[in-house]
Amino acid sequence: MVFLTGDTHGHIDSQKLFDYAKIHKNLTKNDYMIILGDFGFIFYPNPDNAKEKYQLKELSELPYTILFIDGNHCNFDRLNSYPVETWNGGKIHRISDSIFHLMRGQVFNIQNKTFFTMGGAQSYDKA
């Protein structure tokens, strides 16, 4: 199954990802949660930030795979530091074995459905 949700902004609204796993008990890594912008867990300037590493480990242990499209509150320098791979027809940054950044302007085939990724927005509070 493929599920969609909006902004998690890191830990601010990530509880919904854990709640979803509790509600839907039969999910596997072949099920996908697509976060439509502002994932928020690749945020700190230092990739060795202990809090971020811990949070990413917790998310990786969820029973499903997390896919995310970047939003206007992302650390693009950090995202772009990950190697680019091809996955299901489009380019990704693999954050972990079960967390992928779906790069902008790509077309993915996920469970026989076509998804086009288009990120970007202006934010009045980004500065």
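This short talk walks through a predicted model, from its sheet to its pocket.

Some ground rules. Residues are numbered from 1 along each chain as its sequence is written, and side-chain values use heavy atoms, with hydrogens and water left out. Because the model is predicted, local features need pLDDT of at least 70 and side-chain atom pairs count only at pLDDT 80 or more, while totals for chains, interfaces and linings use all residues.

Let's start with the sheet. It is open and has 6 strands, in the order β1-β2-β3-β6-β5-β4, with mixed pairing. The edges belong to β1 (2-5) and β4 (84-87); each has a single partner strand, so one side of each has no neighbour in the sheet. On average, neighbouring strands here are turned by 35 degrees against each other, direction ignored. A word on terms. Strands (E, at least two residues) and helices (H or I, at least four) are DSSP runs numbered from the N terminus. Two strands pair if DSSP finds at least two bridges between them. Strands of a sheet pair through backbone hydrogen bonds, either parallel or antiparallel.

Now look at β6. On one side, 4 bridges join β6 to β3, and those two run parallel. There, Ile66 stands opposite Ile99 of β6. β6 (residues 99-102) also pairs with β5 (residues 90-96), antiparallel, over 4 bridges. β5 and β6 form a hairpin with 2 residues between them. In that pairing, His93 has His101 as its bridge partner, and Ile92 stands opposite Leu102.

Are the residues of β6 buried or exposed? Ile99 and His101 on one side, and Phe100 and Leu102 on the other, are all buried, so both faces are covered. Buried means under 20% relative accessible area, exposed over 50%, and partly exposed in between (1.4 Å probe, protein chains only).

Next, a helix. α2 (residues 50-60) lies across β3 (65-69), β5 and β6, and runs at about 100 degrees to β6. Axes are lines fitted to C-alpha atoms, for helices over the stretch in contact, and angles run from 0 to 180 degrees between N-to-C directions. Contact means heavy atoms within 4.5 Å.

Two residues have a backbone worth a look. Asp38 sits in the loop between β2 (32-36) and α2. Its phi is near 55 degrees, positive in a residue other than glycine. Asp38 is buried, at 4% relative accessible area. Leaving out residues up to four places away in sequence, Asp38 touches a set including Asp7, His9, Asp70 and His73. Gln111 is in the loop between β7 (107-110) and β8 (113-116). Gln111 is not a glycine either, yet has a positive phi of about 50 degrees. Gln111 is partly exposed, at 36%.

Finally, the spaces. On a 1 Å grid over the protein atoms alone, a cavity is a set of points where a 1.4 Å probe fits but cannot get out; a pocket is an open set with protein on both sides within 12 Å along at least five of seven lines; lining residues have an atom within 4 Å of a point. Grid points are joined across faces, edges and corners, and a volume is the space filled by probe spheres set on the points.

How many cavities of 30 Å³ or more are there? The count is 1. The largest cavity holds about 40 Å³. Its lining includes Phe39, Phe68, Cys74 and Leu79.

The largest pocket has a volume of about 190 Å³. Among its lining residues are His9, Tyr44, Lys51, Glu52 and His73.
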